[in-house]
Amino acid sequence: MNTVILIGQLLKTVGAVEGRKKFQKIVHILQHFGAPFNLRFGYLHYGPFSSELQSQLDVYESEDLLKEEPCTAGSFRTSRFTPQPKLMALIDRVAGNAAFDFAALAGELNQKSAQELEAISTIFYLQTQGKTDAAL
């Protein structure tokens, strides 16, 4: 499935995601559980990161599919990603009323803090790199 559609379904399901780091971690965890985002993740200072995902989010914003606005989460300045009507129309046209297969998990992940998601995502990343529980 197309990543634009998956990101659209994700945003339609959760409404908004607060923070670039949180968005990255949600997508990484969903991909770990089988969501077909097909993105490559490397490891950076705040855990798994996909430059492909960041580039796609930038393009989607420039195409008015999503909006990234500054916001404050706790005591941190961050940004909020919200779907725009153009994206919702595209999702409705392409996916119709088909449910996002990972809706329940996406909603649960979106309720967690970016720090919790960073820890979960990092553990999954290290496991896929062949690190054992003993090495963690």
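## Exercises on charged side chains

By the distance rule for charged side chains, the count in this predicted model comes to six salt bridges. Let's work through some of them together.

**Exercise 1.** Find the salt-bridge partner of R80, and work out which parts of the chain the pair ties together.

*Solution.* Start with the distance: the closest N and O atoms of R80 and E18 are 2.6 Å apart. The cut-off is within 4 Å, so this pair counts as a salt bridge. Next, place the residues: R80 sits in strand β5 (residues 76-83), while E18 belongs to strand β1 (residues 17-18). The pair therefore ties together parts that are 62 residues apart in sequence. Finally, check accessibility: R80 is partly exposed at 27%, and E18 is partly exposed at 30%.

**Exercise 2.** Decide whether R40 and E52 are buried, partly exposed or exposed, and say where each residue lies.

*Solution.* First, the contact: R40 and E52 form a salt bridge, with their closest N and O atoms 2.4 Å apart. The two lie twelve residues apart, R40 in the loop between α2 (20-32) and β2 (42-44) and E52 in helix α3. Now the accessibility: exposed means over 50%. R40 has 64% relative accessibility, so R40 counts as exposed. E52, at 22%, counts as partly exposed.

**Exercise 3.** Locate E63 and name the surface patch that includes this residue.

*Solution.* Look in the loop between α3 (51-62) and β4 (66-73), where E63 is placed. With 43% relative accessibility, E63 counts as partly exposed. On the surface, E63 gathers with D58, E61 and D64 in a patch of negative charge.

Methods
Residues numbered from 1 in each chain as written. Predicted model: local features only at pLDDT ≥ 70, side-chain atom pairs only at ≥ 80, totals over all residues. Heavy atoms only, no water. Patch = residues over 30% accessible without salt bridge, like charges linked within 9 Å, V, L, I, M, F, W, Y side chains within 5 Å. Areas by Shrake-Rupley, 256 points an atom, 1.4 Å probe, with all protein chains shown as cover. Lys, Arg positive; Asp, Glu negative; His and termini not counted. Charge placed at Lys NZ, Arg CZ, Asp CG, Glu CD. Helix = DSSP H or I, 4+ residues; strand = E, 2+ residues; numbered from the N terminus. Buried < 20%, exposed > 50% of the residue type's maximum accessible area, 1.4 Å probe, protein only.
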